[in-house]
Amino acid sequence: MEIKITKTTTPNTMPPEDKLGFGKVFTDHMLLVDWNVDKGWYNARIEPFGRISLHPASTVLHYGAEIFEGLKAYRRADGGVQLFRPRENIKRMNRSAERMSLPEMDEDDMFELLTTFVKLEEKWVPKSFGTSLYLRPFLFGNDEALGVHAVHNATFMLIASPSGSYYKEGINPVGIMIECEDVRTVRGGTGYAKCGGNYAASTRAGERAAKKGYSQVLWLDGVEQKYIEEVGAMNVMFKIDGVVVTPKLTGSILPGITRKSCIEVLKTKGYTVEERLLSVDELIAAMESGKLEEAWGCGTAAVVSPIGKLAYGDKVYEIGGGKIGALTQELYDTLTGIQWGKLDDPFNWVYKLS
Ligand code: PLP
Ligand code: COI
């Protein structure tokens, strides 16, 4: 794929790395590729970062035709830059596109777009351990008409944001509220796709939880509101009586790349991992009997995040004395070690860009 590059004439500099926060600072450039049902993908270009102009009838503004991905570029101690399992994000982006009737893209082309862009923006990959350049590919429909149908025109974009930790708590345990009213998705819905609408529908519950002092909500399934699904921006895992249990991928949960990686790491370390239905009743019983040893969320933005407190109705359960558990810490150390190049990569997950 030919990519036309127009460089900015007014490059910015990186703010102090301890002040980055998550997703607030953007690099100097953005990448765009247009798609038309007859032409396919065309006009791949990298331009100075800036506002984009859309027709007021644009499909994305009315019918939510939008999907996105999230992955990171990491700076190793030797100064080089690497990506973590980028092909997994590319594959998931195409699965999301298929669900939302948006165009898929050849995997090698998307890989080339990603790597070309990150190489151009390499100075924006921060250096401190725990920071990274968060990459946000997204794709939206932009037909300039109000009819409802699969889009005929779309745009793929990539922006990047040097970021620190997702939660203000960092690696300290977060409090999570089990959501009993709203549901995130339903059987046959879009739960497994990373589409903007899933997040829009989640916000109300997230805000209610935030008002009560919780970082995010833990969703229950949308059919019976009985089984644990995932957290707002993370999959979840529980260590119950020595065994790691994580909700199985039923179609309504995002198949997280961090989840998949955690499972592989845990199995290699000899732990039993059960991917299965886990009812909220079973979880509460495990908390009440003291069998719930650890709980954590896992996701690209949040990495591995210990859950120190779970609220269900008017009951609040403290997990592991509100401290990070030994296995959560081990997983965090292993994953971040591989991602930031401090540990060997026996799984071949890392793609070195420099
Ligand atoms: N679940 C949801 C709803 C998410 O938004 C994310 C983040 O992308 C995850 C799970 C974790 O997925 P991954 O590990 O691929 O980032
Ligand atoms: C992730 O990329 O890990 C996410 O969950 C995205 C989130 C900020 C919506």
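Student: Is K239 buried or exposed?

Tutor: Buried means under 20% relative accessible area, exposed over 50%, and partly exposed in between, with a 1.4 Å probe and protein chains only. In this predicted model, K239 is buried, at a relative accessible area of 14%. Features here follow these conventions: local features need pLDDT of at least 70 and side-chain atom pairs pLDDT 80 or more, while totals for chains, interfaces and linings use all residues. Side-chain values use heavy atoms, without hydrogens and water, residues are numbered from 1 along each chain as its sequence is written, and chains are lettered from A and ligands numbered from 1 in the order written.

Student: Which residue forms a salt bridge with K239?

Tutor: Side chains of opposite charge can pair when their charged atoms come close. A salt bridge is a side-chain nitrogen of Lys or Arg within 4 Å of a carboxyl oxygen of Asp or Glu. K239 meets E293 at 2.8 Å, N to O. K239 lies in strand β12 (residues 235–240) and E293 in strand β15 (residues 292–299), so the pair ties together parts 54 residues apart in sequence. Strands (E, at least two residues) and helices (H or I, at least four) are DSSP runs, numbered from the N terminus. E293 is partly exposed, at 30% relative accessibility.

Student: How many salt bridges does the structure hold?

Tutor: The structure holds 22. One of them joins R85 and E264 at 3.5 Å, N to O. R85 is buried at 9% relative accessible area, whereas E264 is partly exposed at 27%.

Student: Which residues are linked with R85 in a network of salt bridges?

Tutor: The network links R85 with E88, K260 and E264.
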